[in-house]
Amino acid sequence: MATNKPKMEGEVFYPSDEIIAQANLKDWDVTAKAALKDPQAFWATEAENLEWFEKWDQVLDDSKPPFYKWFVGGKVNITHNAVDRHLKTFRKNKLALIWESEDGKTDRTFSYYALNREVSRMANIIKAMGIGKGDRVTIYMGRIPEIVFAMLACAKIGAIHSVVFGGFSVDALAGRIADSESKLVITCDGSYQNGKLVELKKIVDESLKHCPSVENVIVVKRTGQEIFMEPGRDHWFHDLCALPIANGKCATEVMDAEDPLFILYTSGSTGKPKAILHTHGGYMVGTYATLKYVFDLKDEDRFWCTADPGWITGHSYLVYGPLINGATAFMFEGGPAYPYPNRWWQLIERYGISIFYTAPTAIRALMRFGEAWPNKHDLSSLRLLGTVGEPINPEAWKWFYRVIGKEKCPIMDTWWQTETGGFMITPTPVVPLKPGSGTRPFFGQDAEIVDEQGKPVADGEEGYLVLKNPWPSMLRTIFGDDERYVSQYWSKYPGKYMTGDSARRDKDGYYWIIGRVDDVIKVSGHRLGTAEIESALITHPAVAESAAIGLAHEVKGQAITCYVQLKPGFAPSEELSEELRQHVSKHLGPIARPEEVKFIDKLPKTRSGKIMRRVLKARAQGLPEGDLSTLEE
């Protein structure tokens with residue numbers, strides 16, 4: 001007789017017979033062994049499930065590592081597979097996207113047929129702005145349906161989109177627009193966040209003072225507030241939609257599999273953020289296959305990924321992955337606890353969400369409000385849960401499993417990066433789970449944990465996580481900087497991709513991610529470079545030098561602590577500390593606001609002048625400071 005409840009034995013969760021019976025993929029081991037033996041055959045089979053204008057001549061060209069090429073010679077367009085191809089099937093009338101506003105007063109739904117109409121209209125308008133194949137378009141918006149239309153429309157005409165998270169402020173936006181040399185910016189008059197108005201257009205206006213490449217700005221009306229519109233440059237989207245040029249069909253551009261699809265900026269340990277470049281063919285196949293297997297997608301599912309499209313999770317698993325799979329995606333404008341901590345649970349009940357994918361930070365934040373809030377709602381539509389962004393602590397895993405999943409929903413704890421494009425270490429629903437472990441590498445991937453010299457460490461020991469096999473959705477380079485791409489990811493352990501994360505593997509072959517090994521701080525699952533935070537601080541007249549570190553935080557995962565050396569004539573005070581926190585928030589956005597700013601007479605540095613952040617970290621935690629032989633006197 002089928003067991004209806006999965007069972008926990010010690011610290012291992014075993015899927016029920018019912019979960020296994022329903023799964024699209026019933027035997028993980030068989031697929032994993034075959035894919036590891038011949039990764040190219042595995043990926044070619046997945047690619048054949050999608051539509052190509054012309055089939056590839058070669059699955060993988062690895063003749064010039066690390067500049068790998070996938071599906072060489074293939075002609076394709078990701079928007080064709082996310083939208084166009086569904087119009088020939090029963091999915092034409094199926095819901096592609098369901099959206100609800102933060103205040104719950106508005107909802108909008110789009111069938112695949114309606115989505116095609118919206119994307120074509122947006123694409124016609126973007127083309128009319130003089131944008132063509134290879135041109136960059138910066139998208140800086142709130143979480144509204146138009147952000148999805150804009151991304152798909154850019155891809156449809158062969159333009160490269162660069163989505164910047166709507167929580168970033170002037171400097172961060174200006175730097176990203178300038179680096180990408182975007183000709184067009186698509187934004188909103190404003191957006192809503194926890195009941196507050198975010199003045200997106202105002203931030204764009206300020207940024208464009210430093211961005212001479214921008215010729216036009218398209219503004220979507222969301223809040224209706226008064227905003228400045230520069231004649232000749234700024235155009236209301238609703239006005240453009242009324243023009244004859246906007247309406248009618250728009251041909252989907254035939255792209256080479258290796259043509260760029262988008263760039264997405266991610267914080268690095270040094271210097272400016274890195275513009276990660278992804279391509280049409282490989283990224284499409286990677287997001288399609290990973291989502292299909294890991295979340296066991298079925299036609300009746302309603303899939304909710306809570307990420308913002310400004311991050312890779314939103315790109316891969318809110319926009320592209322669900323649509324390529326022909327799924328129904330749900331998108332919510334607001335956050336988890338506004339106006340009350342039951343907002344998400346209310347939405348799961350209202351829309352019958354069956355798969356719910358979110359970040360450990362959000363789970364920890366909601367745990368603090370107790371079980372009464374989720375228990376008010378019928379969450380029985382859920383069949384799978386997932387987490388992303390950082391390792392989930394076992395306590396939060398168990399709460400999520402017990403309180404939200406009612407002890408019947410497996411949790412897909414996924415590890416991956418902006419650079420990987422899709423899941424790299426992840427379970428599928430039929431795999432036994434251990435709270436806090438991402439389980440094993442995805443099909444076709446081989447991971448290893450090595451020491452400083454690149455030698456594999458014993459099971460149970462911590463080391464550097466590297467990936468040994470190329471994969472289709474991997475980044476192709478850092479936009480405009482091939483040299484940095486090689487040095488950042490491929491130089492430390494030649495032939496292996498360096499993830500920048502430390503991890504250990506247990507005796508069962510399960511991987512446990514520990515955290516970043518470089519100077520990147522993960523706040524609520526979002527990567528922020530210490531260099532960016534320190535650069536923002538240094539623009540304040542009182543600051544001579546600064547150092548930023550990440551310290552453990554029970555909700556955010558990590559919180560930012562800054563150490564500041566003041567210029568002569570300035571004295572430490574509570575007021576100045578608060579002013580500096582506000583200063584960082586103003587320059588980079590509220591997500592980068594330090595938890596604490598501490599004043600210090602002298603920053604610990606090496607003799608070559610590098611700040612020793614690990615020493616500051618050890619001092620803050622009361623831990624041994626380690627080898628100080630390189631420390632200045």
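In this predicted model, C154 has a relative accessibility of 0% and therefore counts as buried. The cysteine sulfur closest to that of C154 belongs to C250 and lies 11 Å away, which is too far for a bond. C409 is likewise buried, because its relative accessibility is 0%. Its closest cysteine sulfur is that of C305, at 17 Å, so a bond is again excluded by distance. A disulfide is a covalent bond between the sulfur atoms of two cysteines. Under a cut-off of 2.5 Å between the sulfur atoms, the count of disulfides is 0.

C154 also belongs to a helix contact. Among the residues of helix α6 that meet helix α5 are F149, A150, L152, A153, C154 and I157. On the α5 side, the contact includes L115, V119, M122, A123 and I126. Charged residues take part as well, among them E118 and K127 of α5, together with E146 and K156 of α6. By class, the contact comprises 11 nonpolar, 2 polar and 4 charged residues.

Two packed helices are described by the angle between their axes and the distance between the axes. For α5 and α6 (residues 145-157), the axes come within 8 Å and cross at roughly 65°. The crossing is right-handed.

Helix α5 itself covers residues 112-128, and its 17 residues should span 24 Å at 1.5 Å a residue; the C-alpha atoms at its ends are 24 Å apart, which agrees with that expectation. Of these 17 residues, 13 are buried, so α5 is largely enclosed by the rest of the structure. Just after the helix, G130 adopts a positive phi of about 85°.

The remaining helix to consider is α19, at residues 613-621, where R613, V615, L616 and A618 are buried. After α19 comes G622, with a positive phi near 70°.

Definitions and conventions: Residues numbered from 1 in each chain as written. Predicted model: local features only at pLDDT ≥ 70, side-chain atom pairs only at ≥ 80, totals over all residues. Heavy atoms only, no water. Helix = DSSP H or I, 4+ residues; strand = E, 2+ residues; numbered from the N terminus. Expected span 1.5 Å × (residues − 1). Buried < 20%, exposed > 50% of the residue type's maximum accessible area, 1.4 Å probe, protein only. Axes fitted to C-alpha atoms, helices over the stretch in contact; angles between N-to-C directions. Left-handed = near helix turned anticlockwise from the far one by under 90°. Contact = heavy atoms within 4.5 Å.
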